[in-house]
Amino acid sequence: MADECDHAKGIRKATPSALGCEECLKLGSMWVHLRLCRTCGHVGCCDSSPNHHATKHFRKTGHPIIEGYDPPEGWGWCFVDEITLDLTGRTTPQRGPIPRYV
Ligand SMILES: [Zn+2]
Ligand SMILES: [Zn+2]
Ligand SMILES: [Zn+2]
């Protein structure tokens, strides 16, 4: 992939902070898709979810790269450059089954 941004070069192996969206699990809320922060391992929900926790995490922390995470789909997204990244071979394994809408 030629169009990889500088942020993507800095991603590391992250350890997921939770099995599902950290904040939604606390709130008892639901999500549509999960996004994993490749800077700190925060698990948040996507913009189709009511709470947009992945985007809120970016606004709060400035961590630029998220990965599609339910299950790992091999793509990422840079919030700063607004481009899709190819993470094939660099995805983060799930820690366990994803809890749904408890
Ligand atoms: Zn970037
Ligand atoms: Zn959430
Ligand atoms: Zn983060």
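## Basis

In this predicted model, local features need pLDDT of at least 70 and side-chain atom pairs count only at pLDDT 80 or more, while totals for chains, interfaces and linings use all residues. Residues are numbered from 1 along each chain as its sequence is written, chains are lettered from A and ligands numbered from 1 in the order in which they are written, and side-chain values use heavy atoms, with hydrogens and water left out.

## Overall fold

The chain has three helices and five strands, in the order α-α-β-β-α-β-β-β from the N terminus. Helices (H or I, at least four residues) and strands (E, at least two) are DSSP runs, numbered from the N terminus. The C-alpha trace spans about 40 × 25 × 20 Å along its principal axes. The radius of gyration is 13 Å, which agrees with the value near 13 Å for a compact globule of 102 residues; it is taken over C-alpha atoms, and the globule rule is 2.2 Å times the number of residues to the power 0.38.

Of the 102 residues, 43% are buried. Buried means under 20% relative accessible area, exposed over 50%, and partly exposed in between (1.4 Å probe, protein chains only). Among contacts (heavy atoms within 4.5 Å) with a separation of 6 or more, 52% join residues 24 or more positions apart.

## Zinc ion (ligand 1)

Cys5 (SG), His7 (ND1), Cys78 (SG) and Asp81 (OD) are the protein donors of this ion, at 1.9 to 2.3 Å. Donors are N, O and S atoms within 2.8 Å of the metal (3.2 Å for Na, K and Ca); water is not among the atoms, so sites may look incomplete. The site is tetrahedral, with angles of 99 to 120° among the four donor atoms; for four donors this term requires all angles to lie between 85 and 135 degrees.

The donor spacing along the chain is C-x1-H-x70-C-x2-D. His7 belongs to helix α1 (residues 6-9) and Cys78 to strand β4, so the pair ties together parts that are 71 residues apart in sequence. His7 is partly exposed, with a relative accessible area of 27%, whereas Cys78 is buried, at 0%.

Strand β4 (residues 72-78) pairs with β5 (residues 83-86) in the antiparallel sense over four bridges; pairing requires at least two DSSP bridges between the strands. Trp77 has Thr84 in β5 as its bridge partner. The two strands form a hairpin with four residues between them, and Glu82 in the turn has a positive phi of about 55°.

## Zinc ion (ligand 2)

The protein donors here are Cys21 (SG), Cys24 (SG), Cys45 (SG) and His53 (ND1), at 2.0 to 2.3 Å. The donor atoms subtend angles of 101 to 119°, which makes the arrangement tetrahedral. The donor residues are spaced C-x2-C-x20-C-x7-H in sequence.

His53 is one of the buried residues of helix α3 (residues 53-61), together with Ala54, Thr55, His57 and Phe58. The cover over the buried residues of α3 includes α2 (22-27), β1 (34-37) and β2 (43-45).

## Nonpolar cores

A nonpolar core is a set of buried Ala, Val, Leu, Ile, Met, Phe, Trp, Tyr and Cys residues joined through side-chain atoms within 4.5 Å. The largest has eight residues: Cys21, Cys24, Trp31, Leu34, Leu36, Val43, Cys45 and Tyr69. β1 and β2 are the elements that give two or more residues to this core. A second, separate core of seven residues includes Cys5, Ile11, Ile65 and Leu85.

Methods:
Tetrahedral: all angles 85-135°; square planar, octahedral: opposite > 155°, others 65-115°.
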